Amino acid sequence: MKTKELIMEETLMKTSKHNDLSKYGLKNVSAHWNLNGETLQKLTVEKGMGTETENGTLCVNTGKFTGRSPKDRFLVKDDYTKDKVWWGRTNKPLSPENFDRLYDEVASYLSGKEVYVRDAYVCADPEYRMNVRTITEYPWSNFFVKNMFLRLEEVELEGFEEEWMVLCAPGYEAENPESYGIRAGNFSILNFTKKIALVAGSAYTGEIKKGIFSALNLILPSEKNVLPMHCSANVGEKGDTAIFFGLSGTGKTTLSADPDRKLIGDDEHGWAADNTIFNFEGGCYAKVIDLSEENEPDIYRAIRPGALLENIVFKEGTREVDYSDSSITQNTRVSYPIEHIDNIQVPSFAKNPKHIFFLTCDAFGVLPPVSKLTPGQAAYHFISGYTAKVAGTEAGINEPVPSFSACFGEPFMPLHPTVYAEMLSKKMTDAGVNVWLINTGWTGGPYGVGSRIKLKYTRAMISSILEGELEKVDYEQHPIFGLHMPKYCKDVPSEMLDPMNTWLQKGAYVSKAIQLAHSFHLNFDKFINQASDEIMHGAPLIDAHQIMDHM
């Protein structure tokens with residue numbers, strides 16, 4: 001360990017090296033540039049902003065916000081965005097004038113303070129690399145950026161010029177927010193013309209990461225013909241790449257961390273025209289609620305010095321993390337450099353995509369644990385982006401509630417979902433990719449009656465697909481959702497493969513399945529005008545006579 005004196009000497013050296021942030025409107029700041037993780041952790045603890053676990057991992061509490069605040073996310077509406085963005089509930093407009101006023105307020109707030117600057121980049125494929133400079137109020141926010149963005153060598157830092165800039169001030173809250181055209185004192189705003197992501201009023205670090213992801217989700221398809229994806233990815237020994245789409249809590253990070261395959265990344269990727277799949281990031285941001293070494297050894301072992309835990313609770317009287325404690329939030333998290341995973345792809349991109357997995361946590365116990373999709377079904381389920389919220393995850397939720405997020409990442413998608421779906425369909429067709437729907441949720445009944453599908457079974461299904469075993473088995477079609485369900489899968493009880501067989505009353509299953517199918521149709525109403533006939537043929541049946549004909 002470095003001495004306190006050495007750390008402070010290093011801090012002062014890097015502070016004096018770059019001390020002018022006036023071009024960003026920050027005046028008289030004490031700027032610490034590109035500090036290493038050890039120094040940032042030491043400063044966080046010394047300032048009373050964090051603690052350490054028994055193994056020396058940094059822990060912080062993000063305060064009022066333990067997750068993103070999608071209602072407080074805005075895009076500046078100007079000549080660049082006005083005709084590109086899918087404006088509405090997800091992408092709310094803000095005038096350039098109000099952005100400038102808020103930016104000046106945040107810059108004035110940070111002036112005279114200590115700030116932490118991180119120069120890094122996103123997009124591992126050199127052809128699409130984008131330099132990002134991040135200026136944060138807190139040292140541990142900078143620690144998070146060090147983990148999550150791609151890191152530069154010392155020689156690359158000399159003469160660094162950013163393409164985008166992130167300004168993050170959790171301690172600032174706007175007074176009279178309505179006068180700025182925003183809803184509350186906290187906000188996350190993207191300005192594509194000035195290439196600035198402005199985050200204030202929230203210390204939740206995911207706002208930084210998802211801000212840049214949202215920017216890439218407009219820039220890459222519009223300017224680079226690259227499909228941005230909210231997914232994880234890994235690659236096998238034969239160079240076959242697998243892609244895992246899914247919303248939070250469905251298993252993207254867990255299932256892509258496979259000891260027999262190299263991890264490309266766990267959350268955000270691009271699919272380029274030459275069939276390269278590349279990571280946007282340099283780290284992983286994993287949920288840790290109920291984490292155990294037995295079920296998720298790679299993530300568990302990645303939590304060591306250099307990682308950052310958020311909103312966890314210690315076992316009483318110790319510095320040992322109680323991963324089952326959700327008293328602060330269900331959304332307990334860890335960020336760590338991707339190098340904390342043993343088996344990774346270096347650099348983090350690969351070609352030859354062969355399989356795409358759509359992950360859903362179906363709390364109604366309706367969807368099969370594994371099924372193969374037609375191209376129309378793949379587009380329909382991609383645009384739908386279904387999972388379910390279960391009791392206890394949000395206030396007021398007492399039974400399962402369907403949740404749809406277009407493209408498995410609607411809160412981060414500035415363009416209309418059909419733009420991404422059409423790009424995905426073309427790339428799937430050109431590459432000859434197989435698409436699978438994997439239910440990591442319930443079987444034998446809905447939440448509260450049935451049981452969660454065991455992780456070992458889900459892993460067995462995915463392994464069988466990757467090894468080509470499910471190409472050799474017979475399939476049957478689901479009578480309502482039309483999904484093709486294998487009749488056999490190695491190391492998985494055969495009765496599980498058709499979910500109707502796991503329910504005590506088949507009539508109750510059919511009733512629940514029709515109910516879920518109605519939810520799909522209601523959600524898809526807003527996309528019908530842009531959806532092709534092939535996509536609409538991928539929708540589930542809801543007509544009783546049609547269902548009986550398929551049973």
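Mentor: Two strands are taken to pair if DSSP finds at least two bridges between them. Strands (E, at least two residues) and helices (H or I, at least four residues) are DSSP runs, numbered from the N terminus. The model is a predicted one, in which local features require pLDDT of at least 70 and side-chain atom pairs count only at pLDDT 80 or more, whereas totals for chains, interfaces and linings use all residues. Residue numbers start from 1 along each chain as its sequence is written, and side-chain values use heavy atoms, with hydrogens and water left out.

The part to examine closely is the pairing of strand 6 (residues 114–122) with strand 7 (residues 130–136), which is antiparallel and extends over seven bridges. V122 has M130 as its bridge partner in strand 7. These strands belong to an open sheet of eight strands with mixed pairing, in the order 1-6-7-8-10-9-4-5. Its edges are formed by strand 1 (30–33) and strand 5 (92–94), each of which pairs on one side only. From one strand to the next the twist averages 25°, where axes are lines fitted to C-alpha atoms and angles run from 0 to 180 degrees between N-to-C directions.

Turning to helix 3 (residues 96–110), one finds N98 within it. N98 has a relative accessible area of 16% and is therefore buried; the term means under 20%, with exposed meaning over 50% and partly exposed in between (1.4 Å probe, protein chains only). The side chains of N98 and R101 are joined by a polar contact of 2.9 Å. Such a contact is a pair of N or O atoms within 3.5 Å; within protein, one must be able to donate a hydrogen and the other to accept it, and residues adjacent in sequence count only if both atoms are side-chain atoms. A polar atom of the N98 side chain also lies 3.0 Å from the backbone oxygen of Y180. Apart from neighbours within four places in sequence, N98 is in contact (heavy atoms within 4.5 Å) with S179, Y180 and G181.

Backbone geometry calls for attention at several loop positions. The peptide bond from V346 to P347 is cis, its omega being near -10°, and P347 is placed in the loop between strand 18 (333–337) and strand 19 (349–350). N352, in the loop between strand 19 and strand 20 (353–360), has a phi near 65°, a positive value in a residue other than glycine. Its relative accessibility is 31%, so N352 is partly exposed. D491 likewise is not a glycine, and has a positive phi of about 70°. D491 occupies the loop between strand 28 (484–486) and helix 12 (506–524) and, at a relative accessible area of 58%, is exposed.

As for the cysteines, a search of the whole structure returns zero disulfides, a disulfide being a pair of cysteine sulfur atoms within 2.5 Å. For C284, the nearest cysteine sulfur is that of C231, 13 Å away; C284 is buried at 0% relative accessible area. The sulfur of C489 is 19 Å from the closest cysteine sulfur, which is in C361, and this is too far for a bond. C489 is also buried, at 0% relative accessibility.

Aromatic rings remain to be considered. Rings of Phe, Tyr and Trp (its six-membered ring) pair if their centres lie within 6.5 Å; planes under 30 degrees apart count as stacked, over 60 as edge-to-face, and the rest as tilted. By this rule there are 30 aromatic pairs. Among them, F213 and F412 are tilted, at 5.7 Å centre to centre and 50° between the planes. Helix 6 (residues 206–224) contributes F213, while F412 is in the loop between strand 23 (401–404) and helix 10 (417–431), and the pair links positions 199 residues apart. Both F213 and F412 are buried. F245 and F382 form an edge-to-face pair, with 5.3 Å between centres and 75° between planes. Because F245 is in strand 12 (residues 241–246) and F382 in helix 9 (residues 375–384), this pair ties together parts 137 residues apart in sequence. F245 is buried at 0% relative accessibility, and F382 is buried at 3%. Finally, one aromatic cluster is formed by W86, Y380, Y386, F404, F481, F520, F524 and F527.
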